[in-house]
Amino acid sequence: MTRNLIINGSPRLNGNTRDAATAFCREAPDAKLIDAVKLKLSGCLGCDKCRANHNRCVIDDDTAGAVEDIFEAQNIVFASPVYCWGVTSQLKQIIDKLYSKDPVLRGTNKRVGLILVGGAGTHDRQYETIASQFEQMCEYFGWSFCFRRFYSAGDPGEMKPADLEQLAALGKEFFL
Ligand SMILES: Cc1cc2nc3c(=O)[nH]c(=O)nc-3n(C[C@H](O)[C@H](O)[C@H](O)COP(=O)(O)O)c2cc1C
């Protein structure tokens, strides 16, 4: 049973978002870290066949498994680089497939956090633009949107050590 879940949407396994996600889990050994890029993913086709398939996507790949992990988890962190003013396509494919479990996900009791890493400075409005989507998603499902953290980093290894320490402390608190 996955209680604490963090999904890393970065395709770079040596990247800043993964460093942030790893730091976040450091003090929470039971947390499950999913690297979206390692999964076989596909986008929602809007076929609605999930409705007749016990609210599970009929495309038999890892996207459905990631959605099941989200369904099971109580505390979920979405971590993504900013790609073209949004999250990565890897993470978006997982989020779109939440549609498959919509009838059973709504009203579940979950706490959600968001970590974004972009090349632009943290005052760029792209970060709040993306965060407002997550805020709306949480409102829709009835989840608590507990925190958002924005970081500016470009090449791998550019996350500041002090920021990684703060993320570790936040992870310890969030993944109770
Ligand atoms: C396809 C692509 C699109 C990007 N778009 C943005 C963007 O819109 N805004 C931004 O601030 N940074 C953008 N970046 C920069 C990344 O967000 C930045 O390099 C980040 O550190 C990448 O995270 P990672 O190291 O975890 O892969 C983009 C990078 C790529 C490869």
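**View 1. Helices H3 and H5 at the largest pocket.** Helix H3 (89-96) and helix H5 (125-141) each contribute at least two residues to the lining of the largest pocket; helices (H or I, at least four residues) are DSSP runs numbered from the N terminus. The model is predicted, with local features needing pLDDT of at least 70 and side-chain atom pairs pLDDT 80 or more, whereas totals for chains, interfaces and linings use all residues. Residues are numbered from 1 along each chain as its sequence is written, and side-chain values use heavy atoms, with hydrogens and water left out. A pocket is an open set of points on a 1 Å grid over the protein atoms alone, with protein on both sides within 12 Å along at least five of seven lines, and lining residues have an atom within 4 Å of a point. H5 supplies the largest share of the lining, seven residues.

**View 2. Centre of the largest pocket.** Of the 16 lining residues, Lys92, Ile95, Asp96, Gln133 and Met137 lie nearest the centre of the largest pocket. Its volume is about 340 Å³, taken as the space filled by probe spheres set on the points.

**View 3. The cavity.** The structure has one cavity of 30 Å³ or more, a cavity being a set of points where a 1.4 Å probe fits but cannot get out. The largest cavity has a volume of about 110 Å³. Cys44, Leu45, Cys47, Cys50 and Cys57 are the closest to its centre among the 14 lining residues.

**View 4. Packing of H1 on H6.** Helix H1 (residues 16-25) packs against helix H6 (residues 161-174) at an angle of about 45 degrees, with the axes 6 Å apart; axes are lines fitted to C-alpha atoms over the stretch in contact, and angles run from 0 to 180 degrees between N-to-C directions. In contact (heavy atoms within 4.5 Å) are Asp19, Ala20, Ala23 and Phe24 of H1 with residues of H6 including Leu164, Leu167 and Phe174.
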